Amino acid sequence: EADLDLLEITEDYGDGVVYLPALPVLAIVGRPNVGKSALVNRILGRREAVVEDKPGVTRDRVAYKAEWAGRRFTLVDTGGWEPDAAGINAAVAAQAEVAIDLADVVLFVVDSNVGATATDEHVVKMLRRADRPVFLAANKVDDSRQEPQASALWSLGLGEPYPVSALHGRGVADLLDLIMQKMPEVSNVAKQEVGGPRRVAILGRPNVGKSSLLNKAAGEERVVVNELAGTTRDPVDEQIELGGKVWTFVDTAGIRKRVHLQQGADFYASLRTSAALEKAEVAVVVLDVTEPISVQDLRIIDLVLESGRALVLAFNKWDLLDDERRRYLEREIEQDLAHVTWAPRVNISARTGRHLEKLVPALELALESWDTRIPTGKFNAFLAELTAAHPHPVRGGKQPRILFGTQAASRPPTFVLFATGFLDPGYRRYVQRRLREIYGFEGSPIVVNMRVRE
Ligand code: GDP
């Protein structure tokens, strides 16, 4: 039973989210209306991204788990927010910038019926500077008569334009085959860092104090200037020594830079958040204690949960907290953060430096939980005790039994239960709860999946 196929369990059998960290990333970039979302749907083989390619449509999702020819990767659609004419240049440039920061391979999409525009040329300049493989898709080539239009795109200087029709699927498979040849097995970013400093993302909505926190951390401690042998540093990341250990803070450029876009700011914020999460092992979600916990805060926490990364909550601006607000805050935490009571909380002030030193033990605890492996024997003893104390309720005259269980993955801890019948989601939550009661797993999401065996 030990040689469980890890890939097989990435299917989700219930409410849990399964994530295998460090999948390589393919990012799609292009002007509005060139057919990016049609292409995303085509690659995913399902209509998940967005149904219509309407200007101005805001998509919530940015990253998708995709698979091609047995290879799994993360597909990032940077074009989820389509600006109006005035904002196009800035918006597409911002997309390209994010794509370059986070992707292993970039797919640049041009509308072959329109040809290369000034915006396209601007983006190409950015893409050419990046040391990532870039593929050029000439979209909307619905039949062979249109292929000469694609050839005209050689002029962009990005190499061969591949004629595709995202709508009809024409040419997409061949292009994906070529892309796969350039895709690393695991994301390059992660590969560089194996065994190196642990990767932390500082997340939060604007003005909660992310950059203040980063500056305070970097200011009081040492910013490490590329002295670690063998690590190629990503310029958007910073290595900072905290608590006697070096940490990589990912996408700090995203925090320091601040893209000033009037429209679509929310979309770019979630793009950045997703990008940072792809690279990180643990996320610090910063909340501003002077303001009520908002939908936006909760959305960011959800993104962390979806990504399967470890989580620490930092309640910032503690120096501004008065007794009244404090009572409200406690109530908000009880109501809104009930699903993440397992996340370590630190109450800090990025301004005064209060309790910043508590961040390190919280990060260490969360990562330790995230890395935890429970040996199969121990886990089955746990299951035996649990099922003896509280068997699954009878359903339709049958009582599903758990035959066996194993931890199939860590980062985050992912368990598979083999059962004689479908286990109620409620029962799986009970297993999850007991796991936390016994093993803690503070700071890490845990996933419990199920497989039915006859
Ligand atoms: P970011 O957008 O999340 O990076 O937020 P900033 O770091 O730019 O902070 C937004 C504002 O909150 C700035 O005016 C900071 O000076 C202020 N601020 C940040 N942290 C604290 C804190 O701990 N206490 C107080 N009083 N102000 C803070």
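## Overview

Helices here are DSSP runs of H or I with at least four residues, strands are DSSP runs of E with at least two, and both are numbered from the N terminus. By this rule Arg128 is found in helix α3, which covers residues 118-129.

The model is predicted. The protein has 14 helices and 16 strands. It has 454 residues, and 44% of them count as buried. Among contacts with a separation of 6 or more, 73% are between residues 24 or more positions apart.

## Surroundings of the ligand

The ligand is surrounded by 16 residues. The closest are Gly209, Lys210, Ser211, Ser212 and Arg351. Helix α7, which spans residues 210-220, gives the largest share of this shell, with 3 residues.

Sorted by class, the shell holds 7 polar residues, 5 nonpolar residues and 4 charged residues.

Helix α1 runs over residues 36-44 and is mostly covered, with 8 of its 9 residues buried. The buried residues are Lys36, Ser37, Ala38, Leu39, Val40, Asn41, Arg42 and Ile43. Just after α1, Gly45 takes a positive phi of about 70°.

Glu67 belongs to strand β2, residues 63-68. Glu67 counts as partly exposed because it has 15 C-beta neighbours inside 10 Å, while a buried residue needs 20 or more. The C-alpha atoms of Glu67 and Ile43 are separated by 8.1 Å, and the two residues are 24 residues apart along the chain.

Arg128, in helix α3, has 12 C-beta neighbours inside 10 Å and therefore counts as exposed. The cut-off for an exposed residue is 12 or fewer.

Helix α5 spans residues 172-182, and its buried residues include Val172, Leu176 and Ile179. These three are on the same side of α5 because they cover an arc of only 60° around the axis.

Which exposed residues lie on the face of α5 turned away from its buried side? That face carries Asp174, Asp177, Leu178 and Gln181.

Strands of a sheet pair through backbone hydrogen bonds, either parallel or antiparallel. Strand β9 (residues 238-242) and strand β10 (residues 245-249) run antiparallel and are joined by 5 bridges.

An open sheet is formed by 3 strands in the order β14-β15-β16, and the pairing is mixed. Strands β14 (402-409) and β16 (447-452) stand at the edges with a single partner strand each, so one side of each is left without a neighbour in the sheet. From one strand to the next, the twist averages 25°.

Strand β15, residues 414-419, pairs with β16 in the parallel sense over 6 bridges. Within this pairing, Phe415 has Val448 of β16 as its bridge partner.

Terms used: Residues are numbered from 1 along each chain as its sequence is written. This is a predicted model: local features need pLDDT of at least 70, side-chain atom pairs count only at pLDDT 80 or more; totals for chains, interfaces and linings use all residues. A residue is near a molecule or strand if its C-beta atom, placed from the backbone, lies within 6 Å of it. Ala, Val, Leu, Ile, Met, Phe, Trp, Tyr, Cys and Pro count as nonpolar, Asp, Glu, Lys and Arg as charged, and the others, Gly among them, as polar. The arc is that of the directions from the helix axis to the C-beta atoms. Two strands pair if DSSP finds at least two bridges between them. Two residues are in contact if their C-beta atoms, placed from the backbone, lie within 7 Å. Axes are lines fitted to C-alpha atoms, for helices over the stretch in contact, and angles run from 0 to 180 degrees between N-to-C directions.
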